[in-house]
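Dear colleague,

Please find below the structure that I am handing over to you. My findings follow it, beginning with a question.

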Amino acid sequence: MGSNRTRKLVYGLLTLSFIMFASPFFVWWGVKAGLFGAIPDSTEIQSIRNNQASEIYFSNGDLLGKYYLYDRTSVDYNYLPTHVVNALIATEDARFFEHHGIDYRSLLRVFFKTIVLQDNSAGGGSTITQQLAKNLFPRQDFGLLSIPVNKFREMAIAEQLEEIYSKNEIIALYLNTVPFGDHVFGVESASRRFYNASVNDLTIDQAAVLIGMLKGNYAYNPRVFPERSLSRRNVVLSQMNKYGYLTELELHAYQDLPIELDYTKMTLHEGPAPYFREQMRMQLLEWCKSHFKADGSPYNLYTDGLKIYTTLDAGMQQAAELAMQKHMAALQTAFEKEWGSNAPWLRDKSLLEHAVKQTPVYLSLQKKGLTEKEISDSLHKERTMELFEWAGNKEVKASVYDSVQHYLKFLQAGFVAMDPKTGAVRAWVGGINHQYFEYDHVNVNTKRQVGSTFKPFVFASALENGVKPCDYFSAKQITYENMENWAPENAEAETHNFYTMKGALTHSVNTVSVKVLEETGIASAVKLARNLNISSTLPEVPSLALGTADISTIELAGAYAAFLNHGIPVAPQMLLRVEDGEGNVLEEFVADEQQAAMSESTSKIMLDMMQAVIKDGTGKRLHSSYNLTNALAGKTGTTQSNRDGWFVGMLPNLVTVTWVGANNPKIYFKSTILGQGASSALPIFAFFLEKLNKDSHYNGITRERFAAPSGDLLYLVDCEPFKEKEGFIKGLLTRKEQEVRDFGEEKKKGFLSKIKSIFKKKEN
């Protein structure tokens, strides 16, 4: 009886042992036979192509950002530094160059130590090639057999990978596909995310940090768990020492280093030039619709790994963003202080209600059929949220109403810098913070009243139509009865009664600007603006001279470029070329040729006038307050009730336009002292130029001087820019006496009456 039990026990153990050892072979056979689904064939493996992020670059080739579904950028093996490859092999697969995709010695070790002896320190048996197979062909659900079936599938695929690809190609494929945490795939993207550097610029200790993450891309994420990441990095370094890739001296030197990240996240909202990148995204999506791959399908911006090169200048963009932040933070504080408790966003309940009704959450609740009371009750409930502040974001308990009221108060800014010869956009700042304020104030579709920045177009039109630079116009206020008794005023009480156009532009004299427009004709001014590529609606009324038209920042920049470009405007150019992932040029972009909108002499006279604006007029604080010694020209602009502040700043080789105001025009500056363009917008240009002046790379822009005017031009503008009433009459008499001196006494008759008539006409 006892012997039978013993025999049964022995047979049972033998059967169990057979099943344990034989079943893997049956599973392996089943996988190879396709019982668990087809294994990718050689054709599919040869055509491996993962979704690749498209990359957008500054003009100098530095990375500006990416467009992707998954943040992945591939690099060739030759681009990988040796120490990155060594760290990977030492840590993940020491016999990588010895096996053919499956390391049977490691499999036996895992089986006996992990399964038989229950030693979890034995490590895994998957080779780099098997891990690559898992990355390329994600695991499937096979029920209770999921683990063995997936393992054998990966082994089968690994064998095929080794047949088709070289060892170096497998290393590159692996490092291009492996996840590194924070939604980043591939070592190049990980290098840029965690160290703001390309993979071939990584140091040995940095490479060890990234390779260490492969054991657990969240558990060993240096941003989230720096101490744990440090420990894992040192394990990687020890492995490199163990297999002869590092000396003992190098090992200890690198292990003593702290982890210092330069974490750079380039998302829709974060990273450099987010407003510009979004503008490019929309443009490139349209481009993709009309450009096709070899298989006839259109390019996909998010998956096809395009290389997009732009005109944006990395240094100028950074200078512009820092200048905006510096000024707008201080301006916001002054703005809120000036209004105090009487601020429109605090006292005007209708303004708040209107803003709330534009929010997505309100529209969503309305669409669900809720009553106004139910919507109001819901939007008044408090919850924890983070609110933007210049001094640093704060987490508070607030309702949607509180949030909307908070954001209503913020002033916005738009800034663009452009090459006046080519139209190449060098810097683009569309707002103060893209995460919280996505509305772009540079975009051609974003238009605001331009105020006095329109006056140069009126004066240029006058010059083109025969008005002389030294003709004088009275600053006397006129009431236009046919315009509902409209009576334009000047910003300050004028002590000088008669101005040339230069004098009027220097001091932004409104009354003279309207009279110049009347003399040259509104239609002529509109025609010139159209020839300067201003396509916005232009009201054909006298107030056009004061900038009542709504025009975009980018339009103004292209039009003002004509004053620096011999009378020829430029169309903004943002793209240089688009390449595919292999570097083949798909399209190169060339700026459209433009026609002259005005004569070269008119552009030079206008440039001379706008230099006077900076030297003696509304822009003089660039010299007096900011001590800038550059050759500068420009024009300030302020709209009614100080809703919009503008400044156009020009150097011989650069034109910039700055706008400042609130998103909602019902929120405006309380006083002209703070709200005029010289106070609200000009400082951004000043801080921008200060930064360029400190960088010798921009000497060709910052140290350039305007060409000396010719003798003929000097003669045309050789007159006093303004005269008081008595001085004007005396000068007029002197000139008329000279004119009639040679015509005898008869022509002197009635001279005084003619002078009176001329004076009366000029005064009006």
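Against which helices and strands do the buried residues of H18 pack? They pack against helices H14 (344–347), H15 (349–356), H16 (360–367) and H17 (372–379), and against strands E7 (383–387) and E8 (394–398). Before I continue, please note that this is a predicted model, in which local features need pLDDT of at least 70 and side-chain atom pairs count only at pLDDT 80 or more, whereas totals for chains, interfaces and linings use all residues. Residues are numbered from 1 along each chain as its sequence is written, and side-chain values use heavy atoms, with hydrogens and water left out.

The chain as a whole

The protein chain has 32 helices and 20 strands; these are DSSP runs numbered from the N terminus, with helices (H or I) of at least four residues and strands (E) of at least two. Of its 764 residues, 50% are buried, where buried means under 20% relative accessible area, exposed over 50% and partly exposed in between (1.4 Å probe, protein chains only). Among contacts between residues at least 6 apart in sequence, 69% join residues at least 24 apart; contact means heavy atoms within 4.5 Å.

Helix H18

Helix H18 (residues 400–408) is largely enclosed by the rest of the structure, because 7 of its 9 residues are buried. These are Val 400, Tyr 401, Ser 403, Val 404, His 406, Tyr 407 and Leu 408. At the start of H18, the backbone nitrogen of Tyr 401 has a side-chain oxygen of Ser 399 within 3.3 Å.

The axes of H15 and H18 come within 10 Å and cross at roughly 110°; axes are lines fitted to C-alpha atoms, for helices over the stretch in contact, with angles from 0 to 180 degrees between N-to-C directions. H15 is therefore roughly perpendicular to H18, a term that covers 65 to 115 degrees. In this contact, Leu 351, Leu 352, Glu 353, Ala 355 and Val 356 of H15 meet Tyr 401, Val 404, Gln 405 and Leu 408 of H18.

Two further residues

Ser 191 is found in helix H8 (residues 187–195) and is buried, with a relative accessible area of 0%. Not counting residues up to four places away in sequence, Ser 191 touches Asn 196, Ala 197, Ser 198, Val 199, Leu 202 and Leu 210.

Asp 608 lies in helix H24 (residues 600–616) and counts as buried at 19% relative accessibility. Leaving aside neighbours within four places in sequence, Asp 608 is in contact with Lys 502 and Val 717.

Yours sincerely

Note on methods. A polar contact is a pair of N or O atoms within 3.5 Å; within protein, one must be able to donate a hydrogen and the other to accept it, and residues adjacent in sequence count only if both atoms are side-chain atoms. Angles under 35 degrees count as roughly parallel, over 145 as roughly antiparallel, 65 to 115 as roughly perpendicular and the rest as oblique.
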